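Okay, thanks for coming, everyone. Let me put the model up and we'll walk through a few spots.

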Amino acid sequence: MAEHDSGAPAHRPGQTCLVTGATGYIGGRLVPELLDAGHRVRCLARSPEKLRDHPWADRAEVVRGDVTDEASVRSAMAGIDVAYYLVHALSTGSGFEETDRRAARIFAEQAAAAGVRRIVYLGGLTPRGVPERELSPHLRSRAEVARIFLDGEVPATVLRAAVIIGSGSASFEMLRYLTERLPVMVTPRWVRNRIQPIGVRDVLRYLVGGAAMPAEVNRAFDIGGPDVLTYVEMMRRYAALAGLPRRLIVPVPVLTPRLSSLWVGLVTPVPGSIARPLTASLRHEVVCHEHDIARYVPDGSGQPLSCDRALELALRRVQEAQVTTRWSSAAVPGAPSDPLPTDPDWSGGSLYTDRRELTVDASPEALWRVIEGIGGTNGWYSFPLAWAVRGWFDRLIGGVGLHRGRRDPHRLRAGDSLDFWRVEEIEPGQLLRLRAEMRLPGLAWLEMRADRDESGRTRYRQRALFHPRGLLGHAYWWGVSPFHTVVFGGMARNIALAASGGSGGATGRGAGARRRRAAASG
């Protein structure tokens with residue numbers, strides 16, 4: 001199809017959009033952006049139940065289906081104005097290129113049959129001058145899917161991006177883990193190749209704008225941020241912004257793409273099925289050769305985001321010491337990089353968690369009085385000598401120690417100092433969250449809750465969380481974790497006993513030290 005330049009997009013309010021890949025990183029963040037822009041959204045998902053905990057779930061229609069199933073795609077396309085294709089078959093094995101090809105053809109054909117006005121596809125930025133046969137299978141498949149849409153009957157907007165910076169994206173998580181875990185790195189040669197990263201906020205802005213492009217526009221657009229830099233420079237910028245010492249990086253010529261992916265798999269939790277295509281696609285320089293998208297989706301002040309600013313936003317959740325209590329919580333409500341329930345376990349950086357839960361023979365009000373009265377002269381309900389030694393050691397290395405006590409013996413409010421903690425959040429009768437202010441190789445929180453379980457019994461829930469900073473932070477957690485049963489387990493039991501009047505009316509289960517991953521903002 002021919003493409004004509006007609007300037008800025010026509011305003012098309014209230015369109016009906018189909019989003020595939022809503023359980024994925026970009027799709028799950030695009031849906032609320034489209035809803036906020038006044039569009040109606042239908043999500044096509046193989047497992048609709050995975051979307052029920054999203055904060056936008058009650059505002060969007062969700063239908064069951066698969067992009068490789070012609071009948072379900074045909075049904076999902078009914079009444080659609082704009083169809084977003086945000087899926088790929090990377091994790092399906094060696095035949096993923098054929099799966100991608102077949103799914104794209106079904107999608108294009110059914111969109112045409114349903115009278116869809118536009119297809120919007122997010123693909124990969126390919127290097128100029130490199131024959132398609134020499135591209136990695138990942139990039140080659142992305143380029144083929146784009147060509148299928150551009151050659152189809154429905155006008156298509158193809159956005160081509162390199163590295164997307166946002167907590168939870170595979171490219172960013174690979175960068176995060178490599179930089180945090182390795183003070184000294186022997187790296188593949190491709191870390192010296194130039195790339196043009198883009199912040200997830202700009203990707204979403206361009207995707208939303210793609211829905212309103214003039215009917216005659218049928219083309220691909222390179223999208224990227226204002227900075228062109230090497231992967232080495234990105235790692236060093238990340239280290240500086242995360243407060244890590246400067247990394248020593250030594251590129252060597254002997255690491256093939258296969259060995260590179262094994263190296264990434266050894267150091268990071270990013271699955272090999274994802275690491276392999278990502279590292280292979282970094283063999284070539286990928287930079288934008290035009291910024292024509294701005295003619296249709298104008299950039300505002302400070303747009304697109306610089307690399308440093310995108311990294312800062314991706315790290316915001318940790319830097320501002322915001323720990324989510326549920327998936328819909330956010331340092332900035334509705335921010336595109338907020339964690340979602342469908343984000344992979346390896347995304348968001350490392351967050352170690354010790355969970356304890358007990359049933360208490362007392363009312364929630366009695367339990368809350370014990371929780372709110374913790375610290376100061378009341379102590380911490382477990383192993384007093386261990387808490388005292390930790391306080392002395394903190395003072396010895398220049399920290400605040402335990403000497404600060406508490407402002408009021410019975411009441412707390414947000415911002416209060418509490419020994420070597422500070423009250424970060426308090427919901428009277430329900431939640432107390434403390435942020436550690438002792439000297440640590442990372443950030444730590446202690447969270448205590450009083451509520452009722454499904455049977456109406458009073459329940460005490462406790463979480464200790466630790467976000468390590470660098471290799472020393474990981475070593476610190478594993479070094480102290482053997483003592484958690486005594487310290488945190490004892491605390492939970494004794495708080496429950498104190499609430500029940502010391503009668504021993506507590507039963508429970510200690511979840512022990514568990515580890516999970518959580519998203520940082522961006």
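Let's start with E424, which is buried at a relative accessible area of 15%; buried means under 20%, exposed over 50%, partly exposed in between, with a 1.4 Å probe and protein chains only. Quick caveat: this is a predicted model, so local features need pLDDT of at least 70, side-chain atom pairs count only at pLDDT 80 or more, and totals for chains, interfaces and linings use all residues. Residues are numbered from 1 along each chain as its sequence is written, and side-chain values use heavy atoms, with hydrogens and water left out.

So what does E424 meet in a salt bridge? That's R435, at 3.8 Å, N to O. The rule here is a side-chain nitrogen of Lys or Arg within 4 Å of a carboxyl oxygen of Asp or Glu. R435 sits in strand 17 and E424 in strand 16, 11 residues apart; strands are DSSP runs of E, at least two residues, and helices are runs of H or I, at least four, both numbered from the N terminus. R435 counts as partly exposed, at 25% relative accessibility.

Next pair: R457 and D453, with 3.0 Å from N to O. R457 is partly exposed at 45%, while D453 is buried at 12%. And there's a network: shared partners link R422, E424, R433, R435, E437, E447, R449 and R463 through salt bridges.

Over to R101 and E144, whose closest N and O atoms are 2.5 Å apart in their salt bridge. That one ties helix 3 to helix 4, 43 residues apart. R101 counts as buried at 19%, and E144 does too, at 15%.
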